[in-house]
Amino acid sequence: MIEKEFRNENPPGKIIVLMLFVVSLLGGGSLAVKIGLQGFPPLKMALFRCMLGVIAVGAIGFYYGMSMRLRFEELRRLLLMAALYTLHTITLNVGT
């Protein structure tokens with residue numbers, strides 16, 4: 001078997017920009033929460049974030065013509081995801 005040799009000594013500029021973007025999104029979440037908590041209580045800010053997410057997902061789904069109809073089989077998984085997201089939001093706001 002021939003093994004390829006990979007070197008990452010000189011990554012392309014696109015990769016560097018992509019990684020900086022991803023890191024700023026991940027690391028910027030706590031900073032945005034900390035700044036936002038100065039003007040809004042934690043749960044109100046979490047509600048605003050959820051509303052923005054619903055609007056964004058709904059707009060993208062509407063644009064692409066995707067069905068947003070809830071099927072009964074999906075309900076249990078969606079409730080689990082909602083519970084995990086709620087727990088994540090509470091721990092993020094309390095921890096920050």
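This is a predicted model: local features need pLDDT of at least 70, side-chain atom pairs count only at pLDDT 80 or more; totals for chains, interfaces and linings use all residues.
**Group meeting: the largest pocket and its surroundings**

Let me begin with the largest pocket, whose lining consists of Cys-50, Gly-53, Val-54, Val-57, Gly-58, Met-68, Leu-70, Leu-78, Met-81, Ala-82 and Tyr-85. The elements that contribute two or more residues to this lining are α2 and α3, and α2 supplies the largest share, with five residues. The volume of the pocket comes to about 340 Å³, where a volume is the space filled by probe spheres set on grid points that are joined across faces, edges and corners. A pocket here is an open set of points on a 1 Å grid over the protein atoms alone, with protein on both sides within 12 Å along at least five of seven lines, whereas a cavity is a set where a 1.4 Å probe fits but cannot get out; lining residues have an atom within 4 Å of a point.

Residues are numbered from 1 along each chain as its sequence is written, and side-chain values use heavy atoms, with hydrogens and water left out.

By class, the lining holds nine nonpolar, two polar and no charged residues, with Ala, Val, Leu, Ile, Met, Phe, Trp, Tyr, Cys and Pro counted as nonpolar, Asp, Glu, Lys and Arg as charged, and the others, Gly among them, as polar.

As for the fold, the protein has three helices and zero strands, taken as DSSP runs numbered from the N terminus (helices H or I, at least four residues; strands E, at least two). Buried residues make up 8% of the 96 residues, buried meaning under 20% relative accessible area, exposed over 50%, and partly exposed in between (1.4 Å probe, protein chains only).

Which residues form a nonpolar patch on the surface? They are Val-57, Ile-60, Tyr-63, Tyr-64, Met-66 and Met-68, with about 770 Å² of accessible area together. Val-57, which is also among the pocket-lining residues, lies in helix α2, residues 42–64, and it counts as exposed because its relative accessibility is 52%.

Turning to helix α3, which spans residues 75–95, we find Val-94 there, exposed because its relative accessibility is 68%. Val-94 and Pro-42 are 52 residues apart in sequence, yet 8.0 Å apart in space, C-alpha to C-alpha. Ile-90, also in α3, is partly exposed at 41% relative accessibility, and its C-alpha atom is separated by 8.2 Å from that of Pro-42, 48 residues apart along the chain.

Finally, how many salt bridges does a search of the whole structure find? There is one, formed by Arg-71 with Glu-74, whose closest N and O atoms are 2.8 Å apart; the criterion is a side-chain nitrogen of Lys or Arg within 4 Å of a carboxyl oxygen of Asp or Glu.

Notes:
Patches are made of residues with over 30% relative accessible area and no salt bridge: like charges are joined within 9 Å, nonpolar side chains (Val, Leu, Ile, Met, Phe, Trp, Tyr) within 5 Å. Accessible areas come from the Shrake-Rupley method with a 1.4 Å probe; for residues, only the protein chains shown count as cover.
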